[in-house]
Amino acid sequence: MAQLFFRYGAMSSGKTIEILKVAHNYEAQGRKIALMTSSLDDRDGVGVVSSRIGIHRKAVPVTSEMNLFDYVKEKSQKDYAAGDGTIACVLIDEAQFLEKHHVLECAKIVDKLHIPVMTFGLKNDFQNHLFEGSKNLLIYADKIDEMKTICHYCGHKATMNLRFANQKPVYEGEQVQIGGDESYYPVCRFHYFHPGVDR
């Protein structure tokens, strides 16, 4: 039975490498996937799923106005008509940037088209507020899993993302600032409030 999945974790928890692994596994079995990512993440170009270990591939960029249900339904019908088979799974990276309508469209893909949708992203931003996409995935997803990583400072479980600028922690600013290891550290709660201090 198709389900809507949300796999979340702090920065550097392996979310992107996991989605690329799932995509490879489906395709190795001859099954078609729809690989998507937020158009906001342009670090390696718009519409590129890129992991920190250097693996990347093209994906469909999700824009604010895009209707995911309509896209998947139309693509699946075209592929079927062309004899290429239908989409077996929808995979979405950077799911924290989805809007509420996108999440509801993902649920509709599962419920109406019976295609599983697997989303991967951050849960909370650098101020520990939920992203819109994450908040709605926590509400509407059938299955929610945490991907774990360790604190940059102490090796305990990381649950938060600490933003840095000029080697100093930043606790105020715009919610969305695209960046990687140079801008964010995965940290535990203690080191979120006391970066660099011994526990």
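Which residue does the UniProt annotation "active site" cover? In the unreviewed UniProt entry, that annotation covers Glu94; UniProt positions are given in the numbering used here, feature names are shortened, and annotations may be inferred rather than shown by experiment. The structure is a predicted model, in which local features need pLDDT of at least 70, side-chain atom pairs count only at pLDDT 80 or more, and totals for chains, interfaces and linings use all residues. Residues are numbered from 1 along each chain as its sequence is written, and side-chain values use heavy atoms, with hydrogens and water left out.

**The annotated active site**

Glutamate 94 is located in the loop between S6 and H3. Helices (H or I, at least four residues) and strands (E, at least two) are DSSP runs, numbered from the N terminus. With a relative accessibility of 11%, glutamate 94 counts as buried; buried means under 20% relative accessible area, exposed over 50%, and partly exposed in between (1.4 Å probe, protein chains only). When residues up to four places away in sequence are not counted, glutamate 94 touches Thr37, Ser38, Asp41, Arg43 and Phe120, a contact being heavy atoms within 4.5 Å.

**The annotated binding site**

Under "binding site", the unreviewed UniProt entry lists Cys151, Cys154, Cys188 and His191. These residues are spread over 41 residues of sequence, yet they cluster in space, with a largest C-alpha distance of 8.2 Å.

Cysteine 154 belongs to the loop between strand S8 (143–146) and strand S9 (160–165). Its contacts, leaving aside neighbours within four places in sequence, are Cys188, His191 and Arg199. Histidine 191 lies in helix H5 (residues 189–193). Not counting residues up to four places away in sequence, histidine 191 touches Cys151, Tyr153, Cys154, Leu162, Gly196, Val197 and Arg199.

The table gives the relative accessibility of selected residues.

| Residue | Relative accessibility | Class |
|---|---|---|
| Cysteine 151 | 3% | buried |
| Cysteine 154 | 28% | partly exposed |
| Histidine 191 | 2% | buried |
| Tyrosine 71 | 25% | partly exposed |

**Nonpolar cores**

A nonpolar core is a set of buried Ala, Val, Leu, Ile, Met, Phe, Trp, Tyr and Cys residues joined through side-chain atoms within 4.5 Å. The largest such core has 25 residues, of which Leu4, Leu68, Val90, Ile92, Ile109 and Val117 touch the most other members. Two or more residues each come from strand S1 (4–8), strand S2 (32–38), helix H2 (68–81), strand S6 (87–93) and helix H3 (100–113). The greatest contribution is that of H3, with five residues. Another core lies apart from this one and comprises 14 residues, including Ile19, Ile33, Val49 and Leu91.

Isoleucine 109 is in contact with Leu68, Phe69, Val72, Val90, His114, Ile115 and Val117, leaving aside its neighbours within four places in sequence.

Tyrosine 71 is situated in helix H2. With sequence neighbours within four places left aside, tyrosine 71 is in contact with Met36, Val60 and Met66. Tyrosine 71 and isoleucine 17 are 54 residues apart in sequence, and their C-alpha atoms are 25 Å apart in space.

**The chain as a whole**

The chain contains five helices and eleven strands. Its radius of gyration is 17 Å, close to the 16 Å that the globule rule gives for 199 residues, so the chain is as compact as a globular protein of that length. The radius is taken over C-alpha atoms, and the globule rule is 2.2 Å times the number of residues to the power 0.38. The C-alpha trace spans about 60 × 30 × 30 Å along its principal axes.

Of the 199 residues, 45% are buried. Among contacts with a separation of 6 or more, 72% are between residues 24 or more positions apart. The accessible surface of the chain is about 10400 Å², and 49% of this belongs to carbon and sulfur atoms; areas come from the Shrake-Rupley method with a 1.4 Å probe, and for residues only the protein chains shown count as cover.
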